[in-house]
Amino acid sequence: MNLVDFSASAFSLLPPMVALALAIITRRVLLSLGVGIVLGAFLLNNYSFGSTLGYVFSSAKGVVIEEGGLNEWNMSIVFFLLLLGMMTALLTLSGGTRAFAIWAQSRVKSKRGSKLLAATLGVFIFVDDYFNSLAVGAISRPVTDRFYVSRAKLAYILDSTAAPMCVLMPASSWGAYIMTIISGILVAHGMTEYSALGAYIALVPMNFYAVFALLLVFVVAWFKLDVGPMRKHEIEASQGIGFASDSEVEGSHEINEELDITESEFGRVSDLILPIVSLIVATVGFMIMTGGQALAADGISFSLLGAFENTDVGRSLVYGGLVGLAFALFTVVRQKLSASDISKTLWIGAKAMFGAILILFFAWTIGTVIGDLNTGKYLSTLVEGNISPALLPVILFLLAGLMAFSTGTSWGTFGIMLPIAGDLAGATDLALMLPMLGAVLAGSVFGDHCSPISDTTILSSTGARCNHIDHVATQLPYAVTVAIVSCVGFITLGFTQSTWLSFGVATVAFVIACSVLGFLSRAKMRAA
């Protein structure tokens, strides 16, 4: 199939931007993604209707079947979502979710405490962002609902702890992927003073967006900084609006516990904790096991870091999900609940994920279209020219943010922008290598957070059972605030090349930003 080359054309931005604009205006995610897919296909196939239809079909087929076989990565994520949906429903049936909510309510005494609980769980469950958003959402939602925390606020907490924690932790699916890319960049430019892990750890304090996005979650939870659309959702939540009865949530297919699943009165806190802990332990264990198998196949001696760098994340999530589901089944079988109730609950749990899976399919398809349009390559050309090396970190941060926002993928942005950042540093100043790489990591997470077509953003909406566009709109002011703080940090880092001085300056900017948010929040409160 001969496709038109848009790598040097601004038209490559048109389909993702149309999809984003429509999503915001119409609040219909599937419709918006569909229009973006068709428009991109139309451009790529030189306005031929027949070729466009064939291309759309092959792109959608590629989401499931790749090179004559099953697309294992995509299908493993789909299967993991189904497993997690079934497990979550079983936790409700067993009474474990209810028991934990009662237990937490006796210890969590306030609305603030429920938000801090969700944020803390988001920090500690850092194995994978998909797992983080869905698992923490399942655990926290009953508690935050009982204290009338809006689903939009919970979605913000999930999204702003999942990706930032994963990108900061070496022992995560993100860490393994990033270290693999960084290792090749260091070798290509002869930087032998850093190992892949050493460079990764050195990048952590330079990843201003991830660090301050995490901190802002706790500041927002503690000081009740509700600005922009978030304030409206919090007011509605305090009136009991927007919870289980909210049937218009696109893509979430609300599990209505009151109507569909009868909670056991004999549930225990362990009925919730045991499946979740087993899921975490098993997932980490399988990540190490599959990574070790890959090392052995290449004749390399086992090491923990090597295992995480070579792990099969998709398979590990599926195996971990099966173990978690098995333990969840044990909790309901132990109570001798009927087979019909269990099978009905499993179907409800799987069905609850259908909407999110459908959106993911559309997001993956538009990702293929955007890749063929070479949107990333076009954006990368914007950094070429006579630019001061000191400004490159902040420029790369903004460019990576724009790319991740347009493409809906931080991982794809890592793959494109990290090598570009390495080559730019090699051509200008090797001392700026790590600052530039850190800027790309930070910008990728920022753009991913803001993008309605990001799978991480979609799954955070799903985990919170929140309308997807509501989540995007309410999170945006906080994401932009942290991005401004990050820009201050990267400008300082570019000119001084001092990690700790730039981090200190960014910290001051963060305190000022939080003060401004606090002022705006109080002003709105007084005006109301």
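Helix 7 is mostly covered, with 17 of its 18 residues buried (buried means under 20% relative accessible area, exposed over 50%, and partly exposed in between, with a 1.4 Å probe and protein chains only). This is a predicted model, in which local features need pLDDT of at least 70 and side-chain atom pairs count only at pLDDT 80 or more, while totals for chains, interfaces and linings use all residues. Residues are numbered from 1 along each chain as its sequence is written, and side-chain values use heavy atoms, with hydrogens and water left out.

- Helix 7 covers residues 129–146 (helices are DSSP runs of H or I with at least four residues, strands are runs of E with at least two, and both are numbered from the N terminus).
- From first C-alpha to last, the 18 residues of helix 7 reach 25 Å, close to the 26 Å expected at 1.5 Å a residue (the expected span is 1.5 Å times one less than the number of residues).
- At Ser140 helix 7 bends by about 45°, and the proline Pro142 follows within four residues (the bend is the angle between axes fitted to the seven residues ending at a residue and the seven starting there).
- Ser140 is buried, with a relative accessible area of 1%.
- Apart from neighbours within four places in sequence, Ser140 is in contact with Ala118, Leu121 and Leu154 (contact means heavy atoms within 4.5 Å).
- After helix 7 comes Tyr148, which has a positive phi near 60°.

**Helix 22**

- Helix 22 spans residues 433–450, and its end C-alpha atoms are 26 Å apart, in agreement with the 26 Å that its 18 residues should span at 1.5 Å a residue.
- Because 18 of the 18 residues of helix 22 are buried, this helix is largely enclosed by the rest of the structure.

**Nonpolar cores**

- In soluble globular proteins, nonpolar side chains tend to be buried together.
- The largest nonpolar core here has 125 residues, and Tyr209, Leu216 and Phe397 touch the most other members (a nonpolar core is a set of buried Ala, Val, Leu, Ile, Met, Phe, Trp, Tyr and Cys residues joined through side-chain atoms within 4.5 Å).
- Helix 4 (residues 72–93) supplies the largest share of this core, 13 residues.
- A second, separate core holds 17 residues, among them Ala19, Tyr55, Ala363 and Ile366.
- Not counting residues up to four places away in sequence, Leu216 touches Tyr156, Tyr478, Val482, Phe510, Cys514 and Leu517.

**Salt bridges**

- The whole structure contains seven salt bridges (a side-chain nitrogen of Lys or Arg within 4 Å of a carboxyl oxygen of Asp or Glu).
- One of them joins the side chains of Lys111 and Glu234, at 3.6 Å from N to O.
- Lys111 lies in helix 6 (residues 111–124) and Glu234 in helix 12 (residues 229–238), so this pair ties together parts that are 123 residues apart in sequence.
- Lys111 is partly exposed at 22% relative accessible area, whereas Glu234 is buried at 4%.
- Another salt bridge pairs Asp145 with Arg151, with the closest N and O atoms 2.7 Å apart; both residues are buried.
- Lys153 and Asp226 also form a salt bridge, with the closest N and O atoms 2.7 Å apart.
- Lys153 is in helix 8 (residues 151–168) and Asp226 is in the loop between helix 11 (208–223) and helix 12, so the pair ties together parts that are 73 residues apart in sequence.
- Lys153 and Asp226 are buried.
- Lys111, Lys153, Asp226 and Glu234 are linked in a network of salt bridges.

**Cysteines**

- The count of disulfides is zero (a disulfide is a pair of cysteine sulfur atoms within 2.5 Å).
- Cys450 is in no disulfide, and the nearest cysteine sulfur to it, that of Cys487, is 12 Å away.
- Cys487 is likewise in no disulfide, with the sulfur of Cys450 as the nearest, 12 Å away.
- Cys450 counts as buried at 7% relative accessibility, and Cys487 counts as buried at 17%.

**Phe519**

- The C-alpha atoms of Phe519 and Leu225 are separated by 8.9 Å, although the two residues are 294 residues apart along the chain.
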